[in-house]
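Hi,

Here is the structure I promised to pass on. Have a look at it first, and then read on for what turned up.

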Amino acid sequence: MGSITETAVKTKLYDETYFYVGLSLAISSSGFIGASFIIKKLSLIQLQRRGALRASSGGFGYLKEWMWWTGLLSMGIGEAANFVAYIFAPASLVTPLGALSIIISAILASKYLNEKLNLLCKIGCVLCILGSTVLVIHSPKQEQIGTLNELVGKVKDPAYVIYILIVIISSLLIIFYFGPVYGKQNVMVYIYLCSSVGSLTVMSCKGLGLALKETINGINNGFTNWLTWVFLFSVILCISVQMNYLNKSLDLFEITIVTPVYYVSFTTLVLIASAILFREWENMSVDDILGSFCGFLTIIIAIFLLNVFKEMDIHYENIRHMLGPKRKTIFSY
């Protein structure tokens, strides 16, 4: 009886250690990814000033820019940290923490791109941190799928197969019709494409993570499984599509619009895909489900403040009189 209890305690500590490693990696990746948006945007601006064909018009001149490659390297480091985070922690925790990259992007954009960061935007940054904290507290602390063989069975689930088909069909429609027609007028067109394809990237990263974990721990050679190579091909293809169309969005719209809209769309679709594939919510208490929902909703409100009111000239001085004593009105007859 004592040995069973000791084993249970060790397992719990092992899961918690994995959880905090994944949490640390997710936070650090946000820093690199947030900075990468600014660096790549600066590169695209320089390219535009020289009169080169813009990325939104099909140009690839940014591939000759060292600054763009620096931004890509920063994003690569961030995505690598994110990938490893998916190995240690649930997707429903790692993905929403990407909101921290929006705070970093907003702060850096105000400094290097002269984009406004008023009082409401600063309140949005604080709310973003609070929402992320609530989300971390209530998120699942351990994985629901422990082996690659379990994942193989989940991938064959009809609900997930239907989700994949919806993503593929909608992506093809955007690439060949809706993108060329509406992509330059509506920020959601290319952002939805990046987000839906990105949700498949995350699921594939989870599969690769399980294969690596099994191989490193000596449990099984995960790379002898055909599904591992499908995941690897999926990651390469999906990231290529994301990179191309995210560049188009950055070239067409301000970064303070692209990053928050991309975050909300991407995170929502990842949570949907994760709920269908991993079903983490089935083993969560009602309190944790509500807490996760409230945390995510707080982040969305924060992003709304960062996005919608960024053009308004609102500072502390504008509301300072509201905090002071009321002045008496003198009527003259």
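Let me start with helix α6, where the buried residues are Leu 148, Leu 151, Val 152 and Val 155. These four sit on the same side of α6, because the arc they cover around the axis is only 105°. Keep in mind throughout that this is a predicted model.

Take Val 152, a member of helix α6. With a relative accessibility of 14%, Val 152 falls under the 20% cut-off and therefore counts as buried. What does Val 152 touch, if you ignore its neighbours within four places in sequence? The answer is Asn 225 and Leu 227. Val 152 and Asn 225 are 73 residues apart along the chain, yet their C-alpha atoms are 9.6 Å apart in space.

Is Thr 224 buried or exposed? Exposed, since its relative accessible area is 60%, and the cut-off for that label is over 50%.

Now the nonpolar packing. The largest nonpolar core has 61 residues, and the members that touch the most others are Phe 37, Leu 151 and Met 203. At least two residues of this core come from each of α1 (2-49), α2 (66-88), α3 (91-94), α6 (148-155), α7 (158-182), α8 (187-216), α9 and α10 (255-277). Which helix gives the most to this core? That would be α8, with 14 residues.

Phe 37 deserves a click in your viewer. Leaving out neighbours within four places in sequence, Phe 37 has contacts with Met 75, Ser 105, Leu 246, Leu 250, Ile 255, Thr 259 and Tyr 262. There is also a second, separate core of 15 residues, and Ala 99, Ile 102, Phe 296 and Leu 306 are among them.

Thr 267 belongs to helix α10 and is buried, because its relative accessible area is 0%. Sequence neighbours within four places aside, Thr 267 contacts Thr 95, Pro 96, Tyr 262 and Phe 296. So Tyr 262 turns up in the contact lists of both Phe 37 and Thr 267. Ser 249, in helix α9 (residues 226-252), is buried too, at 0% relative accessibility. Its contacts beyond four places in sequence are Tyr 190, Ile 191 and Val 258.

On cysteines: how many disulfides does a search of the whole structure find? It comes back with 0. Cys 194 counts as buried, at 1% relative accessibility, whereas Cys 294 is partly exposed, at 42%.

Finally, the annotation. The unreviewed UniProt entry places "transmembrane region" features at residues 18-39, 83-107, 119-139, 159-178, 190-211, 223-243, 255-277 and 289-309. I looked at a couple of these in the model. Residues 119-139 come out as 95% helix and 0% strand, with the end C-alpha atoms 30 Å apart. For residues 159-178 the figures are 100% helix, 0% strand and 26 Å between the end C-alpha atoms.

Cheers

Note on methods:
Residues are numbered from 1 along each chain as its sequence is written. This is a predicted model: local features need pLDDT of at least 70, side-chain atom pairs count only at pLDDT 80 or more; totals for chains, interfaces and linings use all residues. Side-chain values use heavy atoms; hydrogens and water are left out. UniProt positions are given in the numbering used here, feature names are shortened, and annotations may be inferred rather than shown by experiment. Buried means under 20% relative accessible area, exposed over 50%, partly exposed in between (1.4 Å probe, protein chains only). Contact means heavy atoms within 4.5 Å. A nonpolar core is a set of buried Ala, Val, Leu, Ile, Met, Phe, Trp, Tyr and Cys residues joined through side-chain atoms within 4.5 Å. A disulfide is a pair of cysteine sulfur atoms within 2.5 Å. The arc is that of the directions from the helix axis to the C-beta atoms.
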